[in-house]
Every structure is written in structure tokens, then in C-alpha cells.
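This briefing covers strand pairing and the surroundings of the ligand.

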Amino acid sequence: MDLSGKVAVVTGAGRGLGRAYAEALAQAGAAVVVNDVDAEAAAQVVKTISEAGGRAAEVVAPVGTAEVADLLVGTAVEQFGRLDVMVTNAGILRDRVLWKMSDEDFDAVVNVHLRGTFTCARSAAVRMREQGTGGRLILISSPAGQRGNFGQTNYAAAKAGIVAMARTWAMELAKAGVMVNAMVPVAATEMTKTIPAFGPVIEESERNGTPFPDWLRKGEGLGTVQDVASLVVFLASDAAEGITGQAIGIGGDKLALWTHPQEKVTAYADGGWSADAIAGSWHGSVGSQPETYGVPAPKA
Ligand SMILES: NC(=O)c1ccc[n+]([C@@H]2O[C@H](COP(=O)([O-])OP(=O)(O)OC[C@H]3O[C@@H](n4cnc5c(N)ncnc54)[C@H](O)[C@@H]3O)[C@@H](O)[C@H]2O)c1
């Protein structure tokens, strides 16, 4: 994949998946604006990219506000002359069950993930429409947003909202040639290390370089951050022209396309449905094949 001449912004690129996205984009030839709240981590990524012969600039600032979004796009334009790719990856977790989740837990997660994606994508869309040469918005979602997940009210809501925004913006930006897709990644990072079934295997691999077993790479679709970064490079490239409005899963050995929710079973009652009529027909009609919910617990 050759991304020379393209300019990308990656939010939350100081470590984990964001770092892998920034490094993979730079390795493919793109100039990259590396954003994070962790100044040391961001500087290290810029140094690694520069030492490998790539081009990168850092912006240490918390995504969420319009000002930071404008700063990221402005830096891409000032340092590298244009903007082609916006990867909205920055994220935090504040897991609590609903009845223990505070307003602050909710707002903090929604602010970084949902609002951060909105503001960064909006600034990028303004710039890409001015440039008139298309572009890419790559929005990072999660299995929790697709299915719901125990203890993740705030995160699941934000990540589901991100896929909804991708589908909306794919429509709105089609004429401008901007492709908009959501990614549903799974990878070994500081975030996934906290999942009890994954933690020990990830730590063992970090200690001894032991490759992940098949039940992880194929079964759970969990591998390294580099496994996931390939999809970002593909979506950023000219080879992905025309691919838009999709939610695409990747992790370990697995690549996947997520379905778009749609009506599965329908039933009609002349003049509309009374509560009694719904009760009488539920189990034999629309309620006969209920949907599953929740991310299934990992199985070794
Ligand atoms: N790891 C997985 O398997 C997985 C699965 C699904 C989705 N995701 C999503 O992928 C993204 C990256 O996850 P990760 O596992 O690499 O997490 P991570 O915690 O390792 O890295 C997140 C990075 O974002 C930075 N960050 C946090 N708040 C920020 C802000 N306001 N502005 C800028 N940077 C900020 C952090 O400092 C950190 O460097 C997140 O959006 C996460 O929800 C990860």
C-alpha cells in the first residue's frame, strides 16, 4: 500500500491501537499528526516514525472540544499542507453497572469517544470539502457498541453512536468523495488486558513472546495491534475508494463485516396494534425469534 502524499490525523496515538495506526500509516508513506493527552508517549511515537524515515508531528491535547479538533486539522494543514485521513481513536473507560454509574463517568466517556469523534470528523469534513479531493473518516467503534456489554453503559452508548454517525456521514459526504467507515477492532492492549480471560495470555505473550493461541486469534478475533492497523491502512488507501457506510471488524486472524440493524420480523394489524393484541400475538409473531444481546464472554 502506498500512501505517499497523503496526510492523516490519528487521535489517541500515544500507545495501543492508535500508536499502531500512526506507525502503519507513516510506514506506508503518509505524514501523520500524532495526538494524545500523554505528551511523553506522543513524543516517543513521533520520534519512532521520524527515525524510521517517516514524517510526523505531535499535538498534545484532549479531544472532545471543537478547539482541539480544529487544532488537529490546522496542524495537518500547516505542517504537511493538507488533510486526507482522520482516524478518531482516542478513548477511555469508566466501567460501572448502571446503578453505580455517576454522571461524571457517563459524561467523561461520551465526551472523549462520541463528542471527540463528532468534533474531529466535523473539522476534517470542513477541510476535505474545501480541498475538493475526497478523503477518509475512519471512526473507531467496538463490539460493545454493536451488542451492548455488562458494565459499559457509557462506552456502549458512545460506540453505538459512532456507528450511527458513520452511516449518517457516509450519506452526507458521498458527494464530496469522502468515504466514512466505522471499525470494530479487537486487540491486546492496556484496555483489553483488564478482561480476565485475556489478561494472563496477553501478559504471558509480552513476557515470553509466546504467540496467541488459535482460540484467541481465530475464536475471539484477538491479536496484536499491528493486525488491526492493516485495516486502517487499507481504508486510507485508494484501494478503498467506494467503500463507505460500513462497520468493519478486525482482530487476530479475523476480518468481518457487521450487519446493519434492520426489521427482522414484521406483523400487521388493521387499524394498529392494541396492547392486548400485541400480548396475544407476541410469542407467535415478532417475538418468536428474539435477538441476543451482550458481548459473549470469552471462552478458552
Ligand atoms: N483494545 C481493543 O481490543 C479495543 C476494542 C474495541 C475498541 N477499542 C477502541 O480502540 C481505541 C484505542 O483503544 P486501546 O485499546 O488502544 O486503548 P489505550 O487505552 O491503550 O489507548 C488509548 C489512548 O488514547 C489516549 N487518550 C485518552 N483520552 C484522550 C483524549 N481525550 N484525547 C486524546 N487522547 C486520549 C490515551 O492517553 C491512550 O494513549 C479506543 O477508542 C477503544 O475504545 C479497542
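**Strand pairing and ligand shell**

In β5, T88 has L139 as its bridge partner. From β4 the chain passes through helix α4 (residues 103-131) to β5, a β-α-β crossover that is right-handed, meaning that, with the strands pointing away from the viewer, the path from the first strand over the helix to the second runs clockwise. The model is predicted: local features need pLDDT of at least 70, side-chain atom pairs count only at pLDDT 80 or more, and totals for chains, interfaces and linings use all residues. Residues are numbered from 1 along each chain as its sequence is written. Helices (H or I, at least four residues) and strands (E, at least two) are DSSP runs, numbered from the N terminus.

**Strands**
- β4 and strand β5 (residues 135-140) are paired in parallel by four bridges; pairing requires that DSSP finds at least two bridges between two strands.
- Strand β1 (residues 7-10) also runs parallel to β4, and three bridges join them.
- V10 has V87 as its bridge partner in β4.

**Side chains of β4**
- In strand β4 (residues 85-88), V85 and V87 point one way, M86 and T88 point the other way, and all are buried (20 or more other C-beta atoms within 10 Å of their own, with C-beta atoms placed from the backbone).
- In a regular strand, side chains alternate between the two faces of the sheet.

**Ligand shell**
- G12, G16, G91, T189 and M191 come nearest among the 29 residues around the ligand (C-beta atom, placed from the backbone, within 6 Å of it).
- α1 (16-27) and β2 (31-36) are the elements that give two or more residues to this shell.
- With three residues, α1 gives the most.

Terms used: Buried ≥ 20, exposed ≤ 12 C-beta atoms within 10 Å, placed from the backbone.
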